[in-house]
Structure formats: structure tokens, C-alpha cells
Amino acid sequence: MSAPQPSQPLPSSGSVEPPEPRRVDGAGGEPYRTGDSPTLLVKIFGKDRPGITAGLFDTLAAYAVDVVDIEQVVTRGRIVLCALVTPPAVGGSTEGDLRATVHSWADSLNLQAEIISGIGDNRPRGDGRSYVTVLGHPLTAESTAAIAASITSTGGNIDRIFRLAKYPVTAVEFAVSGTGTEQLRTALATEAAEIGVDVAVVSAGLSRRAQRLVVMDVDSTLIQDEVIELFAAHAGCEDKVAEVTEQAMRGELDFEQSLHARVALLAGLDASVVDKVRAEVRLTPGARTLIRTLKRLGYQVGVVSGGFTQVTDDLKERLGLDFASANTLEVVDGRLTGRVVGEVVDRAGKARLLRSFAEQAGVPLAQTVAIGDGANDLDMLNTAGLGVAFNAKPVVREAAHTAVNVPFLDTVLYLLGITREEVEAADGLVG
């Protein structure tokens, strides 16, 4: 809200205007303490407009109160403003005088006021602090009730709820205390699967805001395609390759064996097909926004792929990635040989590369994020501080820390506490 000219406190009918403020400190000149001391909760409701916040505190200032806590939210043009303050510290003024003045001020603006006497501040929060991010498309009242009830069932308390985004999905964040992150994550994973929403649970603390490393799978994660199937289409063996790919992604086949079997079907293709495949690659919706935003925040971003460097190297250059690693198709005399060269990037290799990238980036594994969709991503997802299964196979969704089942890659930003408004504001500054 914009700050207007402060309003003057309005005396209630028949009351005496309060005298000039005079500071009354605690014993020995110490500031007023609120541990077991009386406090007043001042609540204001009504139509939002510029000046309400400044006006309320200007009104309270006449009684020389200390501000212990403030909460304000505006929803569809309606404001709820709460201020926890100490009792009047002005000679001769009473709590009744303050109440009358605040109510008179509120009435003059067609606002409602409620003032509740009590003792001290908020009760201490329980041990264990987490952020629970819920993504709904849409987010229903039924699913919200189920998530809230599940939090309560673990012994957790919801301290605050904040909307992160309203499109392309609705994303809200719950600040929860009083229960462990792992316990909360386990309970909510089961609930989320039953009600059809995506839920991520991360520990609260400074590490959430620290510089991080984000590493993604490529096929069906960063891009919408399976690269080997694009090559296979040019070789006329797309159906055979797709069948083997699907078996490998479900974890039914050893990845390395399936890779060699599929690549063998590409033998004899002219190497010029690489340029054609690069042109056919389709980025997943939100991929550019995700990477652009992460880079602006100082994150480092990499990809690991069971696909091929002939494509990942191009993506690294186009998207400004910091790291990229994949298998390499062997080319001899201008044609694909049907073999790969070097060490195969498989399930274990992806986790190994995540560790390597983190070491090079100087980022602890606890502050890494991994995103993938297939069984060969599982080791990487479980090695990272936060593993995100993106539109993944059931076996991957069940094993990952969290799952995102909407077709927008930039929704991962909400799991990191980044709002849609912040993303758009940053784009507007550059644009």
C-alpha cells in the first residue's frame, strides 16, 4: 500500500482528546517487555484504500504504544490488518481511551475495528519448521481442507499461508511449525497422491535462500521429446526405439543395455541428421522462464542426460547453462556408427554427475535441486537436497521428495518460494 498523509486520531463522542505522548519505559529505562505483560490486539477490517495502515498507527502513536507484531493481508480489495501493541503509555490515558479513539477513527473510514485484551505475544512455535508448497490446477476447497488436516495430524501448526501464484497453476505456501520435515513430507505425499494435488515440503531456514544448484534431466523434462526417438524417426525405426525406451523408463530394462540396443538401430545415419534433430527439439513450457529466473538469482543450472551431447551441448549454449553431460554418439566418416563413446551416463552416472557439478559449483548437496521423470533419474533425485519428479512415471513419483504433475517446468520456482509476481517483475525490468 502506498503511504498517505498520516491522519489525526479522532476523539470519540464525549471523550477527552489524549494528551501529548510521553514515553514510559520499563524499570531502569529498558524498553517495554511483553513476556507476561498485558497487550492489545487491534484488528481492522474493511475496504482497502491508500492510507489505512499509516492512519491506524498514527492513531495509536498518540498513546505511545510499542508495536509487538503486525500482520496485514489484502484479498479482493478487502483488508485485514492486525497489530499487537502494548497498553497506553501516556500519563492519564486508559485502555478505554485508546479503544474509543481507534473505533472513532475506523468509523470515519467505514471500517470495522475489534480490540482484544490479552497477555504477552504469540505462543512459542513448536520445534520443527517447514514450508509446504501446494500446487493445484485448480486448487479446490476439498483438497485444501485435506492438506490442512494432514498437517494437523502430524502435530504441525499452520503459522501462515501465502499465495505464490494464481496461474498457470494456483500455488500456495504454508509455513508450518511443530513437526519434523520428514514426518510432514511422508504424511503429505500420501495425501497428495489421493487428492490429486502436488505438494512439496522443505525445511525452513537460511539454506532455502542460499545460492543453489539446479540439475535437470533433458528428455521429457527440459524438453518435450525423447532425443533418441527423434533420431530414430530419421532412421525409420521409431516404433522399435520407442518400445525399448518405454521399458527402460519404467525400470524394466537395464539402461545401459537398452541404450546400446537403441543406438545400434541408428547405424548408417548421415551425421547431418544432428542439425535436423536439434531443430526439432521442443522445450518444455516454462523451461526458459525457469532457467532465466534461476540465473538472475545467482543459481547455477545444469543438465544430465542419457541422451546425447550432440543435443545437450547445443542446449547448453542456447540456454546459458553452467553444466551439461550426456552420452556421445560415435561418428566415423560422416555417419553414425551405432555406438556411443566414453563412459555411459546411466542412473548411477547421473547421481555421480550431480555430486561433481555441486563440487565444482561450491554448493553443498543439501542445497541442490534435481528434476527428472524416469527411473534412471531416481538416484539423482534422492541424492539432491530436493528431488522433483516432473510428470514422472509412478515409480518415480513414489520415490522422489515431491512431484509436479502439471506441464509447466517453471512451477518448480514456486517450490523454492519464488512468486509469479517476482518472476514477472524481473522480466519487466529487463524487457
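The side chains of Ser 177 and Asp 159 are joined by a polar contact of 2.8 Å, a polar contact being a pair of N or O atoms within 3.5 Å, of which, within protein, one must be able to donate a hydrogen and the other to accept it, with residues adjacent in sequence counted only if both atoms are side-chain atoms. The model is predicted: local features need pLDDT of at least 70 and side-chain atom pairs count only at pLDDT 80 or more, while totals for chains, interfaces and linings use all residues. Residues are numbered from 1 along each chain as its sequence is written, and side-chain values use heavy atoms, without hydrogens and water.

Ser 177 lies in strand β7 (residues 170–177); helices (H or I, at least four residues) and strands (E, at least two) are DSSP runs numbered from the N terminus. Ser 177 is buried, at 2% relative accessible area, where buried means under 20%, exposed over 50% and partly exposed in between (1.4 Å probe, protein chains only). Beyond neighbours within four places in sequence, its contacts (heavy atoms within 4.5 Å) include Arg 125, Asp 127, Arg 129 and Asn 157.

Elsewhere, the largest nonpolar core has 62 residues, and Met 216, Leu 222 and Phe 231 are among those with the most contacts inside it. Such a core is a set of buried Ala, Val, Leu, Ile, Met, Phe, Trp, Tyr and Cys residues joined through side-chain atoms within 4.5 Å. Its largest share, five residues, comes from helix α5 (residues 227–235). A second, separate core of 24 residues includes Tyr 63 and Trp 105.
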